[in-house]
Amino acid sequence: MNKGGNAGGQGGGVGNFGPGGVAGPTAAAAAQAAQRQRSLLQRADADIGSLLDNFSHLLKAARINDPVRNAQEAFQMEVHAARVVQAADSLLKLVSELKQSAVFSDFLSLNRSINQRIVKFGELSEDTDKLLLNIGEEVAASLQELESHYYASPYRTLETDTELFQPSSNSDGG
């Protein structure tokens, strides 16, 4: 019962990114996961079979009412009851292992989700950069147009130009 040994090894490529930047299990990890799944299914089948067999033997032993065989049957009932408890305990450990395996193997889907979000945010960043460039170009064109209208305006005088570019004397102490 090596709970911690294999459960931590599942995750196949948590930090290993391939050429596309997406984490994924290698062929060896996939084969190992398939073998582990077969092993767990065989254990579950064996434990359930043992549980059913010992329970049926326990019920058969409980039916006999012969006083001579009561001591022998009582011992058999204890043995079968102990085996039922062992099979149930083994099934509980298997369930615990499956839960741990599900938690640790969920890192693959988590990595896929993170990588998809990285790609999505990268695309959004590129779109935002393009939008900002377009806005900058429009602002520059609009500013240039406004400057040309300003300098071509008949109402513009030399005094207003010098006032615009001179520091105000009122700002010192007002």
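Predicted model: local features only at pLDDT ≥ 70, side-chain atom pairs only at ≥ 80, totals over all residues.
1. Glu123, Glu126, Asp127 and Asp129 together form a negative surface patch, where a patch is made of residues with over 30% relative accessible area and no salt bridge, like charges being joined within 9 Å and nonpolar side chains (Val, Leu, Ile, Met, Phe, Trp, Tyr) within 5 Å.

2. Residues are numbered from 1 along each chain as its sequence is written, and side-chain values use heavy atoms, with hydrogens and water left out.

3. The protein chain has four helices and zero strands, so that from the N terminus on its elements run α-α-α-α; helices (H or I, at least four residues) and strands (E, at least two) are DSSP runs, numbered from the N terminus. Of the 174 residues of the chain, 14% count as buried.

4. The count of salt bridges comes to three, a salt bridge being a side-chain nitrogen of Lys or Arg within 4 Å of a carboxyl oxygen of Asp or Glu. Glu97 forms one of them with Arg36, the closest N and O atoms being 3.1 Å apart. Because Glu97 lies in helix α3 and Arg36 in helix α2 (residues 27-63), this pair ties together parts that are 61 residues apart in sequence. Both Glu97 and Arg36 are buried, Glu97 with a relative accessible area of 2%.

5. Glu97 also forms a salt bridge with Arg43, and here the closest N and O atoms are 3.0 Å apart. Since Arg43 lies in helix α2 and Glu97 in helix α3, the pair ties together parts that are 54 residues apart in sequence. Arg43, at 22% relative accessibility, counts as partly exposed, and Arg36, Arg43 and Glu97 are linked in a network of salt bridges.

6. Lys93 and Asp89 meet through their side chains in a salt bridge, at 3.5 Å from N to O. The two residues are four apart in helix α3, and therefore about one helical turn separates them. Lys93 is partly exposed at 31% relative accessibility, and Asp89 is likewise partly exposed, at 37%.

7. A nonpolar patch on the surface is formed by Phe107, Leu110, Ile114 and Ile118, which together have about 350 Å² of accessible area, as given by the Shrake-Rupley method with a 1.4 Å probe, where for residues only the protein chains shown count as cover. Leu110 lies in helix α3 and, at 42% relative accessibility, counts as partly exposed.

8. A search of the whole structure finds one aromatic pair, formed by Tyr150 and Tyr151, which are edge-to-face at 5.2 Å centre to centre with 70° between the planes. Rings of Phe, Tyr and Trp (its six-membered ring) pair if their centres lie within 6.5 Å, planes under 30 degrees apart counting as stacked, over 60 as edge-to-face and the rest as tilted. Tyr150 is partly exposed at 29% relative accessibility, and Tyr151 is partly exposed with a relative accessible area of 44%.

Conventions:
Buried < 20%, exposed > 50% of the residue type's maximum accessible area, 1.4 Å probe, protein only. Lys, Arg positive; Asp, Glu negative; His and termini not counted. Charge placed at Lys NZ, Arg CZ, Asp CG, Glu CD.
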